Amino acid sequence: MHYRPAPGLEIARLGDDDRFLLRSDFVALELSGETAALLVEQVLERMDRPLTAAEIAERLPGYRRDSLEAELGNLVRQG
């Protein structure tokens, strides 16, 4: 499976914290915490093509691949 941001995804940092608003045409999600910051900064903002879970895991060393896949699945289900 390949993952890619929703078309037209906008990412906004909320304040000085590790809080982000991800907004597309159909949904808005707020992510927060250190892991959210890494996901946004190391993956979403640099994603120039669809990536596999393995490729995303390479960008986030220190996180187990099965945990990443579970969280990516959660994001996909939320829109």
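User: What volume does the largest pocket have?
Analyst: About 450 Å³, and keep in mind that this is a predicted model.

User: Which residues sit closest to its centre?
Analyst: The largest pocket is lined by 21 residues, and Arg 4, Pro 5, Ala 6, Leu 75 and Val 76 are the closest to the centre.

User: Which elements supply that lining, and how does it divide into nonpolar, polar and charged?
Analyst: Strand S1 (2-3), H1 and H3 each put in at least two residues, with H3 giving the largest share, three. The lining splits into 17 nonpolar residues, three polar and one charged.

User: OK, and the second largest pocket, how much space is in there?
Analyst: About 250 Å³. Its lining has 13 residues, with Thr 35, Leu 39, Glu 71, Leu 72 and Leu 75 closest to the centre. H3 gives the most here, seven residues, and the lining divides into eight nonpolar, four polar and one charged.

User: Switching to the core. How many residues are in the largest nonpolar one?
Analyst: There are 18, and Leu 22, Leu 39, Val 43, Ile 56 and Leu 60 have the most contacts inside it. S3, helix H1 (34-43), helix H2 (53-59) and helix H3 (65-78) each supply at least two residues, and H1 gives the most, five.

User: What does Leu 22 touch?
Analyst: Beyond four places in sequence, its partners include Leu 9, Ile 11, Val 40 and Leu 44.

User: Last one: is Ser 24 buried or exposed?
Analyst: Ser 24 counts as buried because its relative accessible area is 13%, and the cut-off is under 20%. Ser 24 lies in the loop between S3 (19-23) and S4 (28-32). Leaving aside neighbours within four places in sequence, Ser 24 contacts Ala 6, Pro 7 and Leu 9.

Methods: Residues are numbered from 1 along each chain as its sequence is written. This is a predicted model: local features need pLDDT of at least 70, side-chain atom pairs count only at pLDDT 80 or more; totals for chains, interfaces and linings use all residues. Side-chain values use heavy atoms; hydrogens and water are left out. Helices (H or I, at least four residues) and strands (E, at least two) are DSSP runs, numbered from the N terminus. Buried means under 20% relative accessible area, exposed over 50%, partly exposed in between (1.4 Å probe, protein chains only). Contact means heavy atoms within 4.5 Å. A nonpolar core is a set of buried Ala, Val, Leu, Ile, Met, Phe, Trp, Tyr and Cys residues joined through side-chain atoms within 4.5 Å. On a 1 Å grid over the protein atoms alone, a cavity is a set of points where a 1.4 Å probe fits but cannot get out, and a pocket is an open set with protein on both sides within 12 Å along at least five of seven lines; lining residues have an atom within 4 Å of a point. Grid points are joined across faces, edges and corners, and a volume is the space filled by probe spheres set on the points. Ala, Val, Leu, Ile, Met, Phe, Trp, Tyr, Cys and Pro count as nonpolar, Asp, Glu, Lys and Arg as charged, and the others, Gly among them, as polar.
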